[in-house]
Amino acid sequence: MNDLSDSINHEIALITEPKILPGDRVSITIGALKPESALPYNPPVATSTLTTATTPPGYLVNNDGTIQLPQLGTMRIAGFTRQQLVDTLTGIMKTYVVDPVVTVQITNFKVTVLGDVASPGTKLIPEGKLNVFEAIGLSGDLAITGRRDNVLVIRERNGRREFGRLNLTSTKIFSSPYYHLQQNDIVYVEMSKTKIDASDQTLVRNVSIGASILSVLTTLIVLLINLN
């Protein structure tokens, strides 16, 4: 970071915990002081104790934002953060079991990194939180020709598509609302103009070589036809 001095304190953007959305897959495990009392509230494949838990495959959030929980029935969870859902389910379960322990995880939290990076693609993030530097690190870092001053973040929120620009060479990045990535964010790293120009020159050269080869082949074919 070009504007970073030897000693500096810089405000960091507040981490916004991602909200559960339709189409997300959410793992919910319910435990209790007496583990057997919580079993009916977990999917058949899940077991829960105070010390161990087998993570269930997870609930797919329907388009209307609901899931179907064993014994509890239909529950709307879209719009909840992970912690809000933990708190809500813990409050509900106090009616049914003693000392409920609720664990919630968004198992399909992902971001996509594209452009001039070593390993572009979609990255699954089990922890459910990620900043732009971590996302680039998971993608094998930027190529030497990748632009560091104009990284694009594409985000969909409340039915609208947002576009944010990040300058990786400035400490101002830490206060940007796009520094901490959200569910389904797309990070795009542009190629530098130098690389684009080099690519264009290579393309022109290849086309020129191809045209020359085609011309030679055409001439040879004509000569062979005349000889026959």
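In this predicted model, the second largest pocket is lined by ten residues, and Glu17, Pro18, Arg82, Glu127 and Gly128 are those nearest its centre. Its volume is about 180 Å³. By residue class, the lining of the second largest pocket comprises four nonpolar, two polar and four charged residues.

Glutamine 182 is located in the loop between strand E11 (180-181) and strand E12 (186-189). Its relative accessibility is 13%, under the 20% limit, and the residue therefore counts as buried.

The largest pocket has a volume of about 530 Å³. Its lining contains 18 residues, among which Leu21, Glu156, Arg157, Asn158 and Gln183 are the closest to the centre. Two elements, strand E9 (151-157) and strand E10 (160-166), each give two or more residues to this lining; the largest share, four residues, is that of E9. The lining of the largest pocket divides into four nonpolar, seven polar and seven charged residues.

Glu156, among the residues closest to the centre of the largest pocket, forms a salt bridge with arginine 161 at an N to O distance of 2.8 Å. Glutamate 156 has a relative accessibility of 56% and is classed as exposed, because the limit for that class is over 50%.

Seven salt bridges are found in the whole structure. Arginine 147 pairs with glutamate 190, with the closest N and O atoms 3.5 Å apart. This pair connects distant parts of the chain, 43 residues apart: arginine 147 is in the loop between helix H3 (132-138) and E9, and glutamate 190 is in the loop between E12 and helix H4 (193-227). Arginine 147 is partly exposed at 28%, whereas glutamate 190 is buried at 19%. Glutamate 190 also meets arginine 165 in a salt bridge of 2.9 Å, N to O. Since arginine 165 lies in strand E10 and glutamate 190 in the loop between E12 and H4, this pair ties together parts that are 25 residues apart in sequence. Arg147, Asp149, Arg165 and Glu190 are linked in a salt-bridge network.

Isoleucine 20 lies in the segment before strand E1 (25-31) and is buried, with a relative accessible area of 0%. Beyond four places in sequence, isoleucine 20 touches Val26, Val61, Ile77, Ala78, Gly79, Phe80, Thr81, Leu85 and Ile106. The C-alpha atoms of isoleucine 20 and isoleucine 77 are 6.9 Å apart, with the two residues separated by 57 residues along the chain.

Conventions:
Residues numbered from 1 in each chain as written. Predicted model: local features only at pLDDT ≥ 70, side-chain atom pairs only at ≥ 80, totals over all residues. Heavy atoms only, no water. 1 Å grid on protein atoms, 1.4 Å probe; cavity = no way out; pocket = protein on both sides within 12 Å on 5 of 7 lines; lining within 4 Å. Points joined across faces, edges and corners; volume = space filled by probe spheres on them. Nonpolar A, V, L, I, M, F, W, Y, C, P; charged D, E, K, R; others polar. Buried < 20%, exposed > 50% of the residue type's maximum accessible area, 1.4 Å probe, protein only. Contact = heavy atoms within 4.5 Å. Salt bridge = Lys/Arg side-chain N within 4 Å of Asp/Glu carboxyl O.
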